[in-house]
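Me: I am new to this structure and would like to find my way around it. Could you take me through some questions about how its parts pack?

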Amino acid sequence: MADIDFVKRDQGGVNARIIARESKADFRRVEAASVKLKASFASAEGKRMFIRYFNTFQLSSHFISVISRTRLNHDDVTKVEMLIRAQTEKVTEELNKAIDGAEALFTNHGITSVATYDTVPLDLEVGVLSSSSRRYLDVLTKLDQLMPLLQTLEIHEVITTQAVDIERAALKRKVRDVANGARNLATRLRREMNALDTHRGAESTEADDDGGAPMPAALPAPEDAAPGAESVTDIPASPEPAGDGDTVASELT
């Protein structure tokens, strides 16, 4: 007897809605070359986090590593880059630990298959501008890999629904904070550049009185900038997700 499909399945409409809700990042001022990499996201969390935060992170990193270096001390810029790298590596380590813990629970409970999605994967070619962007893309990929593992464990009642919800929210917040932190740091450097130009402008005004040449005005804010931290180490953390009980991290270890 032929298989009877009595369920309407997604034909790509979910991906279209996710993309339509997000504004397009403006890369028209970015003149750097990029490496084109294939990426695929299957989970709802992976798709949305990629669409919302990857390009934000890319633009912020480009401003920090390329544009700010034209005006600011290179050592100061390097410190900012290392701060972003350290935060990215920390989140990567936490995701690796969660994946390893989930796989161990699969083995311990005799689970041999992972839950799959009936929605169409988000398959695309990503232009990666820098090593920082490549590492962040890897973070997003690992988050996407972990989501069906957690859902499988919840379906088999190895971990509770509440624990999965708490862990999912915590990991999404940490991944989001990497992108928001980079944006805040880019804003901080942009302010330093503007302050530097303002100071030089004041000096040029005095020079004009003596026949000197005027200095350029302060730089305009980059389009991807947003109000941010007041120092390079002042990356605000999002509030912890509400909930009681143990997190999945504790159950996976």
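This is a predicted model: local features need pLDDT of at least 70, side-chain atom pairs count only at pLDDT 80 or more; totals for chains, interfaces and linings use all residues.

Me: Are α2 and α3 roughly parallel or roughly antiparallel to each other?
Reply: Their axes lie 9 Å apart, and the packing angle is about 155°. Angles over 145 degrees count as roughly antiparallel. The two helices, α2 and α3, are therefore roughly antiparallel.

Me: And how does α1 lie relative to α2: roughly parallel or roughly antiparallel?
Reply: The axes of α1 and α2 come within 10 Å and cross at roughly 30°. The cut-off for roughly parallel is under 35 degrees, so α1 and α2 are roughly parallel.

Me: Which residues of α2 make the contact with α1?
Reply: The crossing of these two helices, α1 and α2, is right-handed. On the α1 side, the contact is made by Asn15, Ile18 and Ile19. On the α2 side, it is made by Lys47, Arg48 and Ile51.

Me: Which residues touch the most other members of the largest nonpolar core?
Reply: This core has 49 residues. Helices and strands that each supply at least two of its residues include α2, α3 and β1. The residues that touch the most other members are Phe50, Tyr136, Leu146 and Val175.

Conventions
Residues are numbered from 1 along each chain as its sequence is written. Side-chain values use heavy atoms; hydrogens and water are left out. A nonpolar core is a set of buried Ala, Val, Leu, Ile, Met, Phe, Trp, Tyr and Cys residues joined through side-chain atoms within 4.5 Å. Buried means under 20% relative accessible area, exposed over 50%, partly exposed in between (1.4 Å probe, protein chains only). Helices (H or I, at least four residues) and strands (E, at least two) are DSSP runs, numbered from the N terminus. Axes are lines fitted to C-alpha atoms, for helices over the stretch in contact, and angles run from 0 to 180 degrees between N-to-C directions. Angles under 35 degrees count as roughly parallel, over 145 as roughly antiparallel, 65 to 115 as roughly perpendicular and the rest as oblique. A crossing is left-handed if the near helix is turned anticlockwise from the far one by less than a right angle, and right-handed if clockwise. Contact means heavy atoms within 4.5 Å.
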